[in-house]
Amino acid sequence: MNVIEINDLTKTYGKARGISNVSLNIEEGEIFGFIGPNGAGKSTTLRTLLGLIYPTSGSAKIFGKSCAEYPQVRRELGYLPSEVFYYDKMRVIDLLNYSASFYKKDCTKRMRELAEIMELDLKKKIDDLSYGNKKKVGIVQGLLHEPKLILLDEPTGGLDPLMQQRFFELIGEENKKGATIFFSSHILSEVQRLCTRVGLIKEGRLIKLEKMSALQQSSYKRISIKTDALESPERLKMEGVSDFNVNGSDVNFIYKGAINDMIKRIGELNIRDLSITEPDLEEIFLHYYAKES
Amino acid sequence: MNIYLHELRSLRKSTFLWVCALAAMSFIYFSVYPSIVADAENFKALFNAYPPSVLAMLNVTLDNLTSLLGFYTMIFTFLALFGAIQAMNLGLSILSKEVRERTADFLLVKPVSRSRIVSMKLLASVTMLLITNALFYLIVFAFAQLYKTAEYDVAVFFMINFTLLFIQLIFFALGAVISVFVPKIKNVLPISLGIVFLFFFAGAFLVEGADDPVRYLTPFEYFDVAYIVQNAAYETSYLLAGAAVVIVSITVTYLNYIRKDIYAVS
């Protein structure tokens with residue numbers, strides 16, 4: 001079953017770039033990573049999905065219905081915005097109770113559990129909280145009604161590494177309980193460790209959808225070498241090499257192919273230093289898929 | 001219901017302050033009434049020195065300046081002006097505050113429709129205006145009883161007071177409809193002061209006489225207090241005009257707010 005169905009979605013506004021012809025289905029139980037640089041259209045896609053903005057054309061539905069037309073489908077939706085702002089004068093507990101009052105069930109127990117996990121002081125005034133603590137309020141209010149779909153927009157900003165860790169564990173647990181997660185981020189390492197599938201959006205267009213496993217199986221390596229300036233590193237430019245850069249004695253490229261062949265070739269050079277690393281998703285995306293689209 | 005209660009709670013303090021301010025203004029005005037009565041001739045002479053247009057703006061009618069209703073007619077102009085600012089403020093802020101305080105991403109993703117949010121917010125605001133009026137009537141009635149020097153027509157006194165509610169409803173509705181068309185209102189009070197004073201002075205300077213149709217342009221002129229004192233009735237056509245302004249404004253508010261794009265905070 002598709003929990004999210006985005007069909008040929010286009011949103012244009014004035015001068016600001018919107019999104020064009022985005023189509024995307026997300027199945028129940030997936031953790032989907034939505035990656036792109038700032039301003040690529042991640043938030044626009046999300047906000048259309050939430051019913052905060054209206055599509056210029058196409059459709060965005062959750063559980064088969066558009067949020068704008070059927071606000072009630074949002075009962076199964078939890079949302080954590082990238083920037084959290086709440087009614088400053090309220091206490092945390094009052095805000096959470098207000099949030100819970102929109103979902104016709106008793107959320108008290110889950111609210112307490114979440115507050116404990118995130119180490120959130122319920123008695124404080126929102127106004128007095130640090131940004132990181134406000135973010136925690138956002139996490140608790142987004143999850144307290146045990147939603148079946150969780151939309152996260154750059155969720156980890158402001159959280160310290162320990163809390164990020166707990167947050168990811170929390171999201172993982174929700175997913176195990178059956179929740180579908182839609183996770184928008186420009187931090188790729190976050191997406192890499194959590195998601196089952198990723199989509200890359202760039203300049204308002206969805207340019208690639210790929211299973212995480214497929215990406216990880218690809219044997220792309222980033223190879224950096226320090227060599228004697230006298231030697232010609234051009235010899236390394238064999239098949240499977242791309243993004244080849246020479247900067248003085250530093251040589252830098254991405255390689256896909258039999259690693260043994262490459263090692264032999266490098267062995268012929270007089271090198272001073274060598275590192276072979278996994279390229280991050282962005283490099284893979286930008287250097288391979290961006291060209292294809 | 002939860003939104004309604006939440007809004008009532010958030011409006012509680014400001015409503016209380018507005019009522020206190022109205023009470024304080026009424027007190028200051030009423031406290032000079034006994035000395036005006038005592039020194040009636042001098043006051044008439046003083047006001048005679050002003051040009052007629054100024055007197056019209058101040059709603060001074062020299063013949064009955066010293067009667068309680070005549071005096072009240074004059075001071076009510078300022079109380080109504082003040083009440084209009086309160087209502088305009090409320091109208092401008094009640095919907096726009098979610099964007100200004102950046103809480104729209106909280107409220108508008110809850111499983112409620114936008115029209116319900118608008119309804120609850122309008123309802124909470126109108127409740128607060130009704131409370132303001134109820135308290136205001138009690139306060140000015142108490143002052144009137146305290147400071148009266150002769151009997152006066154209590155029914156007419158209340159008829160004058162009810163126009164505060166009408167004026168407030170009109171300005172509230174105008175504020176609401178203006179707020180949905182302005183992309184982001186950073187600061188409410190300067191805008192509401194500007195709009196209310198514009199209407200106030202438009203009424204004072206443009207309107208010439210009770211038959212001038214220019215009166216339709218400013219809600220302050222819809223309720224001619226002198227007319228109410230004389231006839232113990234409202235002018236039906238202006239009552240209808242006021243109702244029309246409210247209905248059209250609120251309808252447009254709904255239609256616009258429901259289709260509005262709520263952008264990310266920046």
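In chain B, 79% of the contacts with a separation of 6 or more join residues 24 or more positions apart. Two residues are in contact if their C-beta atoms, placed from the backbone, lie within 7 Å. The model is predicted: local features need pLDDT of at least 70, side-chain atom pairs count only at pLDDT 80 or more, and totals for chains, interfaces and linings use all residues. Residues are numbered from 1 along each chain as its sequence is written, and chains are lettered from A in the order in which they are written.

Chain B has 10 helices and zero strands. Both are DSSP runs, numbered from the N terminus: helices are H or I with at least four residues, strands are E with at least two.

Now the overall form. The C-alpha atoms of chain B fill a box of roughly 65 × 35 × 30 Å along the principal axes. Of its 266 residues, 36% are buried, meaning that 20 or more other C-beta atoms lie within 10 Å of the residue's own, with C-beta atoms placed from the backbone.

Next, the partner. In chain B, 18 residues are in contact with 21 residues of chain A. On this side of chain B, α1 (2–38) and α5 (104–107) each give two or more residues.

Turn to chain A. Its strand β5 (residues 77–80) sends A:L77 and A:Y79 one way, and A:G78 and A:L80 the other. All four are buried. In a regular strand the side chains alternate between the two faces of the sheet. Four bridges join β5(A) to β6 (residues 149–153) of chain A, and the two run parallel. Strands pair if DSSP finds at least two bridges between them. A:L77 stands opposite A:L149 in β6(A).

How values were computed. Buried ≥ 20, exposed ≤ 12 C-beta atoms within 10 Å, placed from the backbone.
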